[in-house]
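Thanks for coming, everyone. I'd like to walk you through a structure that may be new to you, so please have a look at it with me.

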Amino acid sequence: MNNFRYHAYTDIRFGKGQVNCLPELVAPHGKKVLMVYGGGSIRKNGLYDKVKELLADFEVFELGGVEPNPKITSVREGAAICKKEKIDVVLAVGGGSTIDAAKVMAAAAYYEGEPWDLVVDSSKIGKVLPIVTILTLAATGSEMNKNAVISNMETNEKLGTSSHYFKPQASICDPEYLYSLPAMQTAAGTADIMSHIFEQYFQKDSGAFISDRFAESLLQACIKYCPIALKEPDNYEARANLMWASTQALNSLISCGKGGAWTCHPIEHELSAYYDITHGVGLAIVTPRWMRYILKDETVEKFAEYGRNVWSITEEDAYKCANMAIDATEQFFKDCGIPMTLREIGIDESKIDIMAEDTIKYNAMDKAYVALDKEDVANILRACL
Ligand code: NZQ
Ligand code: ZN
């Protein structure tokens, strides 16, 4: 097993009514709060009013309108408010996009230069304002992790940055806030959770038995509960298990003792950078094609293990079992209603080469589970058309 750092830092308040803890979670950090949110879903489901009511004794400034695939332009706006109003704490209310944007705003509050520098070069991130979140979408794990992903549409770049100081001080995770999600966001969010697990599970064997068994149980939770949440949006058990799966899938628990670079996320980030698509949809399209592309003697046992432990496939032949597991993965995404080809979401072959080139430029694809070069990435993208 590899060496690792595991620092479970964020105070998670999980379950019905936990939003009432908000004043107690914000108060230690000060009175001046920047409340960051997205395009309006929290106004529709009543969360906006609830937060304002709970923070009546605080001085609350607001930045709404953070976009899916959050843009650096929003980060600049938030950073300017933090500096001008001498904000004490940033409160993100929303999905991963809102939380990610809030993280970089909180860092840019202490940075004299252009906020995009902090995305391109995480070593420039110094002090960060305290961050508290209220999660409304089960997907990214941003509520408990050190990552933020920001897009710059002028340069067609979507890049991840990270800092241990980005870890939220506290996150409120009430599954009832997921009831209002559109079906496609529920499905795409689940595909994102599953992809986070795949990226960590499919790595060179380092004997991290416990991490892999955790990973398999999280995958089973997604497979069991996403269809239920799609059919019954207000099924609490389904929403609760998906929400907890999203947090545990990317808070470093299942990467303990494992290592290596990711594959599908770097490829998907290029699709988003050029076409501004929904992250989880891009991942669902890429994942089965990537799995098939890298299936060979060196990887077949791991894919068969995935088939046996996650999908309960009893086929003894390793290749047959692996292929059945990959087919089951693709069928699952289809059954969740996700469009499964790039053409269906308006992407043709015209930018495949540049996206493949950028994937290699920005990521250590040579350190992935199976090392990929530009031609490999282009081949995988062509298989997605
Ligand atoms: O903007 P509003 O109006 O809030 O609507 C959002 C948005 O349109 C809506 N939504 C969120 N909660 C809702 C809701 N609608 C109704 N009811 C609710 N309860 O859903 C849409 C998508 O929201 P977004 O925040 O963009 O989704 P998600 O949480 O999937 O975040 C995606 C972003 O996170 C990045 C992705 O690349 C993408 O930019 N990632 C961040 C990671 C991290 N920080 O660790 C890792 C991930 O791999 C990922 O790259
Ligand atoms: Zn993701």
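Let's start at the zinc ion (ligand 2): its protein donors are Asp 192 (OD), His 196 (NE2), His 265 (NE2) and His 279 (NE2), at 1.9 to 2.2 Å from the ion. Donors here are N, O and S atoms within 2.8 Å of the metal (3.2 Å for Na, K and Ca), and water is not among the atoms, so sites may look incomplete. Along the sequence, the donor residues follow the spacing D-x3-H-x68-H-x13-H. One pair links distant parts of the chain: His 265 sits in helix α10 (residues 264–275) and His 279 in helix α11, 14 residues apart. Helices are DSSP runs (H or I, at least four residues), numbered from the N terminus. Are these two histidines buried or exposed? Both His 265 and His 279 are buried, where buried means under 20% relative accessible area, exposed over 50% and partly exposed in between (1.4 Å probe, protein chains only).

A word on the ground rules. This is a predicted model, where local features need pLDDT of at least 70, side-chain atom pairs count only at pLDDT 80 or more, and totals for chains, interfaces and linings use all residues. Residues are numbered from 1 along each chain as its sequence is written, chains are lettered from A and ligands numbered from 1 in the order in which they are written, and side-chain values use heavy atoms, leaving out hydrogens and water.

Now the overall layout. The protein divides into domain 1 (11–177) and domain 2 (181–383), with bounds from an automatic or database domain assignment. Their C-alpha centres lie 26 Å apart. Across the boundary, 28 residues of domain 1 are in contact with 27 residues of domain 2, contact meaning heavy atoms within 4.5 Å.

What about the largest nonpolar core? It has 113 residues, and Phe 202, Trp 290, Phe 303, Tyr 306 and Ile 338 have the most contacts inside it. Such a core is a set of buried Ala, Val, Leu, Ile, Met, Phe, Trp, Tyr and Cys residues joined through side-chain atoms within 4.5 Å. Both domain 1 and domain 2 give residues to this core, so it lies between them.

Finally, helix α13 (residues 318–335). Its buried residues include Ala 318, Cys 321 and Phe 333, and among the elements covering them are α7 (183–201) and α8 (209–231). After α13 comes Gly 337, with a positive phi near 90°.

Conventions. Helices (H or I, at least four residues) and strands (E, at least two) are DSSP runs, numbered from the N terminus.
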